[in-house]
Amino acid sequence: MKKIGKGMAAFVCVIIFATAAMSAYEILPSTLGNVNSTVASMLGAVLSIVLILAGLLLSAKIEGKTLADYGISWSKREPKKLLIGLLIGIGAFLMVVIPLYLLKVYELNTSHHSWEKIVNQLFLFIAVGFLEEYLCRGFIQHHLLRFGPYTALMLTSILFSLMHLGNPGITPLALINIALAGTLMGSVMYALNSIHAAVGVHITWNWIQGAIFGIPVSGTTPSGYFSTTILSNNQLFTGGNFGAEGSVACTIITFLLTVNFLIIALKNRNWGKFAEKWDK
């Protein structure tokens, strides 16, 4: 019972800090007055990451664990794995969206872009990537590893999807796809034995669709270098107002990539490493 109580206290602690971290990016720029917006965005991202790390550190102390027990560590190999994750995120989303342009489901148009906004969005998605991955693939998924890597992956992905339940334009298929995006990031973490690889996927997946292609990110209004116009009335293919993440193309690609990275994890024996990471 004492262990359960500590676990509950740790969970409440990390949720409080995660909520504060979510608010930090929005609140900080407005409190800095005339500070350059890019500088304010960067500081907001840093504060958001610091807050979630502080919450995780306190949670680990409550449980008698360390950040490494949540899968969060920074070795000399982590920058490379983060970079690989960033590249995977770009490649994965291109695999989703390029067929939609080629099939005339979407049309790519020039836009009144602002490089300042594009960079600001990068800092936003850096904050979101670290926050959501440290919370989901870190704290939650690593706690669930006691039930095995596969169950932990599936349950965490479902919770990740439910976190987006209130997003604009959400549909049943979009919820499935957000869960599959969660399995993709979780399987990348397994394959590369690095939560920062998953962080990288999360950052560029969001950034390239919103800031570059001008496609809604999980239903949110985009502001991109280009703008994307929907040409088809078939929401199954377009994703509707939710964006490409609500399309069947996203379903197919995220599923296939998840299977691919799980196979890699099994072949390089990282699957077994995650099975042993948490005390039974």
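A residue is buried if its relative accessible area is under 20%, exposed if over 50%, and partly exposed in between, using a 1.4 Å probe and protein chains only. This is a predicted model, where local features need pLDDT of at least 70, side-chain atom pairs count only at pLDDT 80 or more, and totals for chains, interfaces and linings use all residues. Residues are numbered from 1 along each chain as its sequence is written, and side-chain values use heavy atoms, without hydrogens and water.

Start with the cysteines. A disulfide is a covalent bond between the sulfur atoms of two cysteines. The rule here asks for two cysteine sulfur atoms within 2.5 Å. The count is zero. For Cys13, the nearest cysteine sulfur belongs to Cys136, 16 Å away. Cys13 counts as buried because its relative accessibility is 9%. For Cys250, the nearest cysteine sulfur is also that of Cys136, 17 Å away. Cys250 is buried too, at 1% relative accessibility.

Next comes the core. A nonpolar core joins buried Ala, Val, Leu, Ile, Met, Phe, Trp, Tyr and Cys residues through side-chain atoms within 4.5 Å. The largest one has 66 residues, and Leu56 and Tyr134 are among those that touch the most other members. Leaving out residues up to four places away in sequence, Leu56 touches Tyr134, Val14 and Phe139, among others.

Now find Glu132. It sits in helix H4, residues 115–144; a helix is a DSSP run of H or I with at least four residues, numbered from the N terminus. The Glu132 side chain makes a polar contact with that of His202, at 3.2 Å. Such a contact pairs N or O atoms within 3.5 Å, one able to donate a hydrogen and the other to accept it within protein; residues adjacent in sequence count only if both atoms are side-chain atoms.

Key. Helix = DSSP H or I, 4+ residues; strand = E, 2+ residues; numbered from the N terminus. Contact = heavy atoms within 4.5 Å.
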